[in-house]
Structures are given as structure tokens and as C-alpha cells.
Amino acid sequence: MNALRQKLFWIIPVLIILTGFVLLFVTNLQRFTAPPAEGWSRGLEVAKMDGFHDPQVEADKNGTDLYFLRNGSIHHVSYDADFSKKGENVIPVDRERVDSFYVHGDHVYYFDEGSIINGNTGEVIDEAEIFHRGEDGVIYYSQGQNVFQFNLKTEEKKKIFSSSHPFEEIQVSGPYVLVYTSDLNKGILSIFKYQEQEKSYTEFTQTTVNVGMSNRMNEIVFSAGKDKLHLAVSAETQSKQNKDFYFFYSSVDTDKPEIELVELQPKDPVTQTPLQEISQFQLRTDEDGKLEVLFRSAGFTFTDTNDEQAMNAYHMKLGPDQNLKVERRSNTYSLTSRPFFIGGEAIGWKDRIDGSEYQLLMSSSHPNMIEKTNNRSLNEYLIAFGISIGDLSTAAFILYLVLILILIPVLYFGVAALYYRWKGNRDGLERNPKVFYGGMIVYTLGALLLRNHLFPDNAYTMAPGYISFPGNDLVFILGFSLLSFVSILLVKRDWGLIGKYSYFIGLQFLFYVLFLGPYYF
């Protein structure tokens, strides 16, 4: 037993180091691999894809089909309704690259160098400047200011309307088609509606949108609801320094097409501060007619260890009186781009890997998807380990604060040494245990008096719950002192006052650095 108590001199510090590091590592691993929101899965890797193209998504109650370009070929991955992978196949393309494509059943068409081409026969269907992949086997494309429609099933093409202004994009939602162009802070948009009786499109509305003289318009997106159209516009300041990003929204009655933009400021669900760099969004309405917005934005995440900010996918639902409910839908440390809806309970997006190569991922609230993505990879364990090592290097700063706490004990021992010297009993300083106990009490009282140095209001804001709780300053100061005192009682060693007190202070340093230091900032 005596031999063990002698070895405790080294065993206790080692146990403190191991316990502190394990707690730090587990916390970092949980945070780094945390799902984006409660009841939502982590990202499921689908496949690598070429980054300059958007995937084609076909989702219904029977499952999901994803089509995307990789190394010049069209890849198809299918999932059933439970997000179990059904199969994967490659659709060859008879050229090095294509600009876009549309797959519908056995029909394959792609857009390349201004031509729409039948992928099965190689026949050029028509020339086009803008290509838009529609729904139900319909392609929309433009020639000048004319918009055409091509039906993949019947192979019928027809002009559906002419716009009174040039445009740079075509969008389709239900019976409505939107075309728009933008120039710095201004844009012109026209919306056309399909009239069932006339079997033709007529202009529903045309308007000019202005996002402010010093701003630049980035994107216009719309979605058709039951009795309303929803329009969103993203913009940013034209200056390259101190950029601000804006999100404007307008609800348009189908019988009174007046567009009045209102700025919305979605907030980070973690920090409750405004989200930054909002862009690349999609709109849709739910069964109750409420607007849902899927977008990418820079928000808080523990996956980025530099500034705890990363570009991720977010979901926003617009409630009554423009109340916003925002949830994160991806939580990765890569550059997320082009999030898209997959049915009613899933989304997809692209994460940049390197150069033009991206990783296609999806996440969902489906229990099967949540279960599939629970397992952690070896790479994630290694990254969490690296984060923990980095945290310890910055945690050493807290030593400076702890050093302040020993000033009072140093003064106490100085006075005690002078007293015993005056009494002519220098050896009594070493032999009297009350001097050591007094030193510990003085240290603890000093730490309590100066606790605002270790526990200011702006510290430990992102610390785990076992550190940031009411009264944590009293708990940790008293707890660390008590544990250090008990450790000294357990160690059997021939040491004097200075040795005991140095050991006591050394254990304090270990406790503060390992348990509190990583979360101080």
C-alpha cells in the first residue's frame, strides 16, 4: 500500500491529464459530428460529381432518383421511400462535356454549346441560349426574347411567349413561368401564366425591382402557391469590403399582382444573430400554404475551428406576421453550395472537395436516414483528436490568469517566513502543517475574491453544460482545491512545505488548463 501511495505522486497528475483530455476529445467529437438540428440526420454521401452542374431530382412517395454529371457521364442513383439505396447506373454521353441535361424515363436530352441534343440518337432538336429543366418531361428554352417548350414524350416543340425585355434566366412553378434580367441594383422581371381555356401563356405581371443604389442584385426566385405567388430576391453591397447581404421577399396575390419587397433577416438558430452571406435559395409552399425557403448561409458551427463559422444549408419557414422559424439542415466544414429540396422530408446539397470536384450529399428527418448517418468515420475521429490538441495549445493562456491567484499565497508565505525567522524557529515553518493548510485556505479565498478573472461574464459562452452553469465559479474553485488537498493526503512522500504547496499549485494548473482552458474564449 505504501508503494502505491508513493506512486500516486505521478499517477494522480496522469489521471487528471487523461480524464481532461478524454472529456475534451469526446466533447469535440460530439460537436464535430453533431447533426444539423434535432430530429434531422447528418449528411449521407451519395457520390462525387462535377461541381459546375446542378443535379436533377425526381422524388415521389415511392422514392428518389438523383441524376448528376461526373467525368462527362450522367450518373443515376436511386433510393426507395426509406432512403435505402436501390441501385446506380451510368448513362454514357457521346461527347467530352455537356452544359446541362434532362433525363425522363428512357428519354435523355442534353444541352451543349447552344444546342439541345437527343442523347439517344444524337439529333439536334433546336438551338437555344438558355436551357431550363422543367417537370413532367418538359424542357423550357429561349432564343433571343422568345421562350419555347419542348415535350420529351411527344418530341413536340413550340413557342409559348415572347418577353418584352431581354432575360438571363427562366424559372417554372406550376402554371407560371418567370424570366428576369438584372443590372447592378435593378432588375426587370416578367411572369407569364398558362391559361387553361386558351391553351396559351399570357403575361401575368411585369415589374422593375430595385434593391438599393449601393447594392447589387444576385438572384430572383419564385414559387407558386394555392392562391399566392412568393418572390424572393437576394442582394449584396457593391463594395468589396465589409460586405452586407440582403434577403427580400414579396407575397403576390394571384388576382392582384403587385410586388412589394420586404427585407427579412433570418437568424442563426444557435447564436440568434443574423445569418450572413445568404444566397442560392429555393422556395416552395407546404400543405398549409406556408412558404418554405432553403438557402445557404454562413452561420455558427463547431465543425470550423478557426472562427466557428461555415457555409451550410438552412431551412426557413415563414409564419403569420412574417415570423421566421430557421433550422440548419447541413453541418459540414466544407463549402456547401446549391441546396435543393428532395420531397417533403429531405434535402440535398454539394460540398466542395477540390477544384471542380464536389461531393453530393443529402439529409433527412426520416428515421432510417438518421440511423444510417449515426456512425462516425475514422477521419472524423482523427479530426476531433486534432481539434483537441489545438484546443490545449490555446488553453495554456489560462495559466496567466491562474498565476494571478498565487500572488496572495506568496505574500502569505512571505509573511509566515518572516514571522518564524523573527521567532528564531526557521524549521517550524517546514514542520508545522497549519502553515500549509493556511496556505491552501488563503489560495482558495484569493481565488474566490478574484474569480471574475477566471469566470468573467463573456467567458465559456460556448462551453458544454457541465462547465457553463449558474454558480460554476464557486463549484470549480472549491472543487479543484478540495481535490488537490485530498490528493496530497493520499500521496505518501517525504516532502516539506514548499514541495507540498508546489504540488498543490501544479494540480490546480492541470485542472484549470485541461477542464476550463479549452472553453475560456
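Trainee: Which strands and which helix each supply at least two residues of the lining of the second largest pocket?
Mentor: In this predicted model, the contributors at that level are strand E1 (44-50), strand E27 (346-354), strand E28 (357-364) and helix H3 (378-395).

Trainee: Which of them gives the most to that lining?
Mentor: Strand E27 gives the most to the lining of the second largest pocket, with 3 residues.

Trainee: How much space lies in the second largest pocket, and which residues are the closest to its centre?
Mentor: The second largest pocket holds about 610 Å³ of space. It is lined by 25 residues, and the closest to its centre are Arg42, Gly43, Glu45, Leu361 and Glu380.

Trainee: How do the residues of that lining divide into nonpolar, polar and charged?
Mentor: The lining of the second largest pocket has 7 nonpolar, 11 polar and 7 charged residues.

Trainee: Moving on to His366, where is it found?
Mentor: His366 is in the loop between E28 and helix H2 (367-372). E28 is also one of the strands that supply at least two residues of the lining of the second largest pocket.

Trainee: Is His366 buried or exposed?
Mentor: His366 counts as buried because its relative accessible area is 13%, and buried means under 20%.

Trainee: What does the side chain of His366 make a polar contact with?
Mentor: The side chain of His366 makes a polar contact with the side chain of Asp82, at 3.2 Å. Leaving aside neighbours within four places in sequence, His366 is in contact with Ala81, Asp82, Phe83 and Glu345.

Trainee: Now for cavities. How many are there of 30 Å³ or more?
Mentor: The count comes to 1 cavity of 30 Å³ or more. About 40 Å³ of space lies in the largest cavity.

Trainee: Which residues line the largest cavity?
Mentor: The largest cavity is lined by Ile191, Phe204, Thr205, Leu229, His230, Leu231, Val252 and Ile259. By class, that lining has 6 nonpolar, 2 polar and no charged residues.

Trainee: And which strand provides the largest share of the lining of the largest cavity?
Mentor: The largest share comes from E19, with 3 residues. Strand E17 (200-210) and strand E19 (228-237) each supply at least two residues of the lining of the largest cavity.

Trainee: Next, Ser250. Which strand does it lie in, and is it buried or exposed?
Mentor: Ser250 lies in strand E20 (residues 245-253). Ser250 is buried, because its relative accessible area is 2%.

Trainee: What does Ser250 touch?
Mentor: Not counting residues up to four places away in sequence, Ser250 touches Leu229, His230, Leu231, Glu258, Ile259, Glu260 and Leu261. Among them, Leu229, His230, Leu231 and Ile259 also line the largest cavity.

Trainee: Last topic, the largest nonpolar core. Which of its residues touch the most other members?
Mentor: That core has 45 residues, and Ile398, Tyr443, Tyr460, Tyr512 and Leu516 touch the most other members. Helix H1 (2-32), helix H4 (398-405), helix H5 (407-422), helix H7 (433-449), helix H9 (472-490) and helix H10 (497-516) each supply at least two residues of this core. H10 gives the most, with 12 residues.

Trainee: Which residues is Tyr443 in contact with?
Mentor: Leaving aside neighbours within four places in sequence, Tyr443 is in contact with Val402, Leu405, Ile406, Pro409, Ser481, Tyr501, Phe504, Ile505, Gln508 and Tyr512. Another core, of 20 residues, lies apart from the largest one, and its members include Leu178, Val211, Ile220 and Val233.

Definitions and conventions: Residues numbered from 1 in each chain as written. Predicted model: local features only at pLDDT ≥ 70, side-chain atom pairs only at ≥ 80, totals over all residues. Heavy atoms only, no water. 1 Å grid on protein atoms, 1.4 Å probe; cavity = no way out; pocket = protein on both sides within 12 Å on 5 of 7 lines; lining within 4 Å. Points joined across faces, edges and corners; volume = space filled by probe spheres on them. Helix = DSSP H or I, 4+ residues; strand = E, 2+ residues; numbered from the N terminus. Nonpolar A, V, L, I, M, F, W, Y, C, P; charged D, E, K, R; others polar. Buried < 20%, exposed > 50% of the residue type's maximum accessible area, 1.4 Å probe, protein only. Contact = heavy atoms within 4.5 Å. Polar contact = N/O pair within 3.5 Å; in protein donor to acceptor, adjacent residues only side chain to side chain. Core = buried A, V, L, I, M, F, W, Y, C linked by side-chain atoms within 4.5 Å.
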